[in-house]
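Hello,

The structure you asked about is below. My notes on it follow.

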Amino acid sequence: EVFTSVYRIESIHRAETTLMKGLTDLVSKERRDGQSLPDNVITFFHRVEEDEKKAQSNNETVNNPLNFLHIIDRWITGWDKLPELLFCEKCRKSSNIIEFYATYISTKQILIETPHRNDIGGIATAIDRLVDMYNLSVDDLIAGRVKTTEVSPMTLTELIYVTNALPSYEKEIVWYEAWIHKMKSNRNTDIEEYKLIYTKLAKAYFKVGEPLTCIKVLKKYLLKDPRNSDVIVDLERCKKRASAGLQKYEEKIEHYLDEKSMDSYTNYKKLCGGVELRTPNETKSLRCFNGKTQIPYMESKKEVLSYDPEVVMFHDVISDKEAEEIKNIAIPKMERSFIVSRFKTPATIGGNYNSPIRVSETAWLEDSDHSLIHKLSRRIERITGLSLQRRLSSTSDSEALQVLNYGAGGMYIPHVDFFGERLANHDAPPDLKHSGDRVATWLFYLTDVKFGGSTVFPDIKVQVPVTKGAAAFWYSIQKSGVPDNRTLHAGCPVLEGSKWVCNKWIRVAGQFRKRPCGLSRDAV
Ligand SMILES: O=C(O)CCC(=O)C(=O)O
Ligand SMILES: [Fe+2]
């Protein structure tokens, strides 16, 4: 799967650029020789040309899920099929074609992974999630617009990918209605497309218990194509249901959120969208200042986002060059992030109902892997005053550095980082199992993103924007030793850009001198 990280999609896209250079060459050589390639090859060639032109803004390729959908669809329906099209039975074989084919094979061989049907589902789900999260207009998406960027409009095939991934018939209705709206302004839509959309829309109305609307939709279609027997059969079905007076409602995917989760989810959504949920009175005492570190002449740029529980940002704690280096060290080791529930934390609320909990890829880096990783651990120690020692054979004061790159619409739904009562029986390696709970989290931001991706704390209404070079830091366990549920937090879905972060989860065991425990139960 490539949709689980933006860098994988980017590498597919780089390969496509190479293939496209080869194809452009082929087209012009054949033209020069007075020959032409099969029509479907030329059509595909023009599609890529057109898509690429549209997807460029300020010399950069637009990094949003709609463009990812185009990239993956072009790959699966185009590049993968190209040899069949070029070497069809009646096709003329020229040396130019053979030459292109060599480039084709070698380019594909370099790729570690090529897109897969699953990727389509992953990206389609991401698009649905982003519509919910950021209240995007479906009409805009169909036309290729996402916030301030524009790419090619969606194709009919892409629409069907998206609607197949939707968790409810209500949502399908919204998309088909929008598509019909678009078809109306396009005079030469072919009848097959009309038929497909009208029958799918009618079926969705039927499923949500609205047979009368189902009848209306099908009758509208029959005005264009009065004798279509499939549609007439569908119409009879709707009529029968309507006369039975049965309003049967069918759910596509069952979902359930309890009230408390719903509150957190509402805040999560608002905070991700950049809404300030605290009153001026609540934020007036928040400050930025030069913080003390363990080295007398070194200060940190500290910004307090919440005093209790304490959530802070440290600015300029990692350079662009270091951030780039971390990515390069991590890339060969990246793997799909495991679901938090490996540790059975309450990572079960919010998000879109059918969405995976975490869409990202992870690499774990040890201090001993590279001097830079070691250096960063020491830097965090100086700034926080905590110990991050890794002792691979006994208890450790922190886990390895976790590097994350989010995928298409990638996010991490609301969760807490501590294990709480589950610490005793989780299946971490023994050294970590005996290192105590996760007392604090340090999160470096290695990139900026154009839109979305903030780290948000729904219960305390805090939003930390993705800020390259900065880090977020918070304690998950109070000084009394009691885990702090108010530290529930999430990574918002990324709408545009590639979000890279890396974090250190700091353990309780080694901190007894560095962060003395409090004397009362509610010590913070
Ligand atoms: O990526 C984010 O913003 C959140 C990451 C996170 O929750 C974590 O690493 O524990
Ligand atoms: Fe977390």
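The largest nonpolar core has 127 residues, where a nonpolar core is a set of buried Ala, Val, Leu, Ile, Met, Phe, Trp, Tyr and Cys residues joined through C-beta atoms within 7 Å. Buried means that 20 or more other C-beta atoms lie within 10 Å of a residue's own, with C-beta atoms placed from the backbone. I123, I127 and A471 have the most contacts inside this core. The element that gives the most to it is α6, with 8 residues; helices are DSSP runs (H or I, at least four residues), numbered from the N terminus. At least three residues of the core come from each of domain 1 (6–166) and domain 2 (314–511).

This is a predicted model, in which local features need pLDDT of at least 70 and side-chain atom pairs count only at pLDDT 80 or more, while totals for chains, interfaces and linings use all residues. Residues are numbered from 1 along each chain as its sequence is written, and chains are lettered from A and ligands numbered from 1 in the order in which they are written.

On the two domains: their bounds come from an automatic or database domain assignment, and their C-alpha centres lie 34 Å apart. In domain 1, 21 residues are in contact with 16 residues of domain 2 (contact: C-beta atoms, placed from the backbone, within 7 Å). Two or more residues on the domain 1 side come from each of α1 (6–32), α3 (65–77) and α6 (117–134). Of these, α6 gives the most, with 11 residues.

Leaving aside neighbours within four places in sequence, A471 is in contact with M313, F314, V317, W442, L443, F444 and Y445.

Regards

Methods:
Two residues are in contact if their C-beta atoms, placed from the backbone, lie within 7 Å. A residue is buried if 20 or more other C-beta atoms lie within 10 Å of its own, exposed if 12 or fewer, and partly exposed in between; C-beta atoms are placed from the backbone.
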